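Dear colleague,

Please find below the structure I am handing over to you, followed by a summary of what was found in it.

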Amino acid sequence: MSVPQTLAEAISCLSDYDPNALPVARAREIIDRVVVPVEAVERVALRSALGRVLARDIASPIDVPAADNSAMDGYAVRAAELVADAPTTLTIAGTALAGRPFDGVVGPGQAVRVTTGAVMPAGLDTVVIQEVVRLDGDRLTVPAGQKQGQHRRLRGEDLARGKPALCAGKRLAPADLGLLASLGFPEVPVRRRLRVAFFSTGDELRTVGEPLGPGELYDSNRYTLYGMLSRLGVELIDLGVVRDDPDSLEQAVRIASECADAIVSSGGVSVGEADFTKRIMAKLGDIAFWTIAMRPGRPMAFGRIGRASYFGLPGNPVAVMITFYFFARDALLRQMGAESAPLPLVRARSLSAFRKRPGRTEYQRARLALEPDGTMSVRSFGSRGSGVLRSMSEANCVVVLHHEQGPVEVGDAVDCIAFEGLV
Ligand code: AMP
Ligand code: MG
């Protein structure tokens, strides 16, 4: 874990820092250096751990499986008793079912009927599947060609006692809950939930349910933010709409910094508005105002207020989502204590041309589709306006046009990030 740095220290590591034309990768580097994981750990019941961040490495307390057992329905035999190139006839000594071991003694020339998961009777090392044997009363004929040890799972084969099962930092998924259950854990240590305060800024905003006056619009950002933050599994503190006046902003930021680990706001950071925001933020915390070399997005504030990290996202509804996904999301995951994992890129053939000049990162709303020939294609949407939320709702991915990338022709391969799984 890197030592927490002040914003100034994090920025001073960069030789080419320009707050007015900051590449996406640079902004991400700075953010990554400044945010720190929460430390507190709590134990929660296994089911409540879904989506939470595992706080400690988990070693297996048992061998999985706990004993050698049959992988198939069939007959357990001693391989050494089988004739190599001719059928062998054995007698059946009994039956072992899953959960009901055979507790008799298996004498020479004997076999035991086994079902999948049944513990291998003592002394038997090989399973012959039921489909190939011939049965005549209690006499069993096994064809030649069986391999010693076949269709048998060994004790500890999946996970030996003491071996690492899960590493700290894992966000627990359904398979992990199952794995932890298979090891017998009724509860697990997880990091405490991150508390995130969020609010919208703007005199023009109304909350749903209120009538709209002239020039007003509904505050949608608090709903997209609610959705994205909820899916991250953080504890939400909704501070509502904050009016564009210094006192209201100062009060909201103070409340937020006292009760939250991270603060996310939308609006109020664009050039026309930044001046009074800057003044207040400078008074309350350690904040940088950036123009990021990206589209949509561009204006963004980042820093620390008290112990809380602060993400001042732009007001445009699409820009809010894109900056959340590509800056705030990773940082919040890091604060949650989660291991960082780059978002998976899907490579797809573009059915659209994109105008693009090197020197900024673009995130184009698009739709990924599976073509009849089994390849992935991607088609851009008509609307590129950063305020058009509908296109975000209709899209199923963004095409990432990287910083150095130039124009894209129809048929070129491009990188896409699918929304499914993003948060
Ligand atoms: P700002 O960054 O505050 O200048 O806002 C940029 C644009 O986004 C303006 O057209 C705002 O009206 C719009 N906007 C800002 N906040 C919100 C919000 N919470 N919901 C919907 N639109 C917003
Ligand atoms: Mg505004």
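Why does C259 count as partly exposed? The reason is its relative accessibility, which is 29%. Please bear in mind that the model is predicted, so this value, like those below, is computed from predicted coordinates.

Cysteines

C416 counts as buried, because its relative accessibility is 0%. The closest cysteine sulfur to that of C416 belongs to C397, at 4.6 Å; this is too far for a bond, because a disulfide requires the two sulfur atoms to lie within 2.5 Å. Across the whole structure, the search returns 0 disulfides.

Domains

The chain is assigned four entries: domain 1 comprises 7–40 + 193–336, domain 2 comprises 42–64 + 158–191, domain 3 covers 69–153 and domain 4 covers 346–418. Between the C-alpha centres of domain 2 and domain 3 there are 36 Å.

Ligand 1

Ligand 1 has 17 residues around it, of which E204, D219, G268, S270 and E273 come nearest. For E204, a polar atom of the side chain is 2.7 Å from an oxygen atom of the ligand. G268 contributes through its backbone, where a polar atom lies 2.9 Å from an oxygen atom of ligand 1. In the case of S200, an N or O atom of the side chain is 3.4 Å from a nitrogen atom of ligand 1. On its own, ligand 1 has 480 Å² of accessible area, and the protein covers 81% of this. The space that ligand 1 takes is the second largest pocket.

Yours sincerely

Terms used: Residues numbered from 1 in each chain as written. Chains lettered and ligands numbered in written order. Predicted model: local features only at pLDDT ≥ 70, side-chain atom pairs only at ≥ 80, totals over all residues. Heavy atoms only, no water. Buried < 20%, exposed > 50% of the residue type's maximum accessible area, 1.4 Å probe, protein only. Domains from an automatic or database assignment. Near = heavy atom within 4 Å. Polar contact = N/O pair within 3.5 Å; in protein donor to acceptor, adjacent residues only side chain to side chain. Areas by Shrake-Rupley, 256 points an atom, 1.4 Å probe, with all protein chains shown as cover. 1 Å grid on protein atoms, 1.4 Å probe; cavity = no way out; pocket = protein on both sides within 12 Å on 5 of 7 lines; lining within 4 Å. Sits in = over half its atoms within 2 Å of the grid points.
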